[in-house]
Amino acid sequence: MNDNVLLIGAGGHASVLLEMLNMQNFNVLGYVSPLPADNKELFESLEWFKNDNDIFQFDKSKTKLLNGVGSMPWNSRRSDLYRRYRGLGYEFLTLISTESSVSIYASLEEGVQIMRGAIIQTGVSVGCNSIVNTGAIIDHNSRIGRDNHVAPGVTISGEVTSKENVHFGTGSSVIQSISIGENVVVGAGASITKDLERNTIFYPARGFRKAIKLE
């Protein structure tokens, strides 16, 4: 690889992306963050740009951006950054871990990030600026919308459809042929067996804790 890449962000998600970039021999020009990097050892050799507007000094025809801002439910920072700089003509890198499995018959839009251990089966499409995180599985013919986050350990069965800005919490699962509307949060560990309407949060069954008195 010889693509010039500028990383946006310096937190945990950005750290994982940077390691992937290094493993694939991308030319990383630096990182953009108002705060210093969490992993100083990993970032120490990179130039630090402290303001989003510093991006403008890079030639959009020669530099790709990588969105290292983590995805949190109903926090628009990540999607706002993508829309702003994409609208100004910058291209975002689609990054696929060498330790993932992505079908040659899957479709990944611009800015998608596929993390270690993820499995993307045939016929799947993933919308722009979405993350398929560590160990997540998306089965055949599912359509994942833009600005989605499929968190670690999620299982999405075949022919599932999600709209824009859906957050699948860690370890959640979705049975086949389910439809999920936009701006939905699927709670960690939840099992989705019915369609979900837009602008909703689905919690898994609540656990409980009971103190035990030992003799």
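I start with a definition: buried means under 20% relative accessible area, exposed means over 50%, and partly exposed is in between, with a 1.4 Å probe and protein chains only. I note that this is a predicted model, where local features need pLDDT of at least 70, side-chain atom pairs count only at pLDDT 80 or more, and totals for chains, interfaces and linings use all residues. I number residues from 1 along each chain as its sequence is written, and side-chain values use heavy atoms, with hydrogens and water left out.

**Entry 1: Ser15**

I looked up Ser15 first. Is Ser15 buried or exposed? Ser15 counts as buried, because its relative accessibility is 11%. I found Ser15 in helix α1, residues 12–23. Helices (H or I, at least four residues) and strands (E, at least two) are DSSP runs, numbered from the N terminus. The side chain of Ser15 reaches the backbone oxygen of Gly11 at 2.9 Å. I call that a polar contact: a pair of N or O atoms within 3.5 Å; within protein, one must be able to donate a hydrogen and the other to accept it, and residues adjacent in sequence count only if both atoms are side-chain atoms. Next I listed contacts, meaning heavy atoms within 4.5 Å. Leaving aside neighbours within four places in sequence, Ser15 is in contact with Ala10, Asn39, Leu42 and Phe43.

**Entry 2: Asn67**

Then I turned to Asn67, in strand β4 (residues 63–67). Asn67 counts as buried because its relative accessibility is 1%. Its side chain reaches the backbone nitrogen of Val69 at 3.3 Å. Which residues does Asn67 touch, not counting residues up to four places away in sequence? I wrote down Ile8, His13, Leu17, Arg78, Leu81, Tyr82, Phe92, Gln113 and Asn129.

**Entry 3: the cores**

A nonpolar core is a set of buried Ala, Val, Leu, Ile, Met, Phe, Trp, Tyr and Cys residues joined through side-chain atoms within 4.5 Å. The largest one has 26 residues. Which of them touch the most other members? I noted Val132, Ile138, Val150, Ile156, Phe168, Val174 and Ile180. Another core, of 19 residues, lies apart from that one, and Met20, Leu46, Leu93 and Leu95 are among its residues. I also checked the contacts of Phe168, not counting residues up to four places away in sequence; they include Asn148, Val150, Ile156, Val174 and Val186.

**Entry 4: salt bridges**

Side chains of opposite charge can pair when their charged atoms come close. My criterion for a salt bridge is a side-chain nitrogen of Lys or Arg within 4 Å of a carboxyl oxygen of Asp or Glu. How many salt bridges does a search of the whole structure find? It finds 9.

I took Lys64 and Glu91, whose side chains meet in a salt bridge at 3.7 Å, N to O. Lys64 lies in strand β4 and Glu91 in strand β5 (residues 91–92), so the pair ties together parts that are 27 residues apart in sequence. Lys64 counts as partly exposed at 24% relative accessibility, and Glu91 counts as partly exposed at 36%.

Next came Glu110 and Arg86, whose side chains meet at 2.8 Å, N to O. This pair links distant parts of the chain, 24 residues apart: Glu110 is in the loop between β8 (107–108) and β9 (113–114), and Arg86 is in helix α3 (residues 77–87). Arg86 counts as partly exposed, with 33% relative accessibility.

Arg198 forms a salt bridge with Glu182, and the closest N and O atoms are 2.7 Å apart. Arg198 sits in the loop between β22 (191–192) and β23, and Glu182 in the loop between β20 (179–180) and β21 (185–186), 16 residues apart. Last, I noted a network of salt bridges that links Arg83, Arg146, Asp147 and Glu164.

**Entry 5: Ser61**

Ser61 lies in the loop between β3 (48–49) and β4. It counts as exposed because its relative accessibility is 61%. The side chain of Ser61 makes a polar contact with the side chain of Asp59 at 2.7 Å.

**Entry 6: positive phi**

Most residues other than glycine have a negative phi. I looked up two with a positive value. Phi of Trp74 is near 55°, and Trp74 is in the loop between β4 and α3. Phi of Asn183 is near 60°, and Asn183 lies in the loop between β20 and β21.
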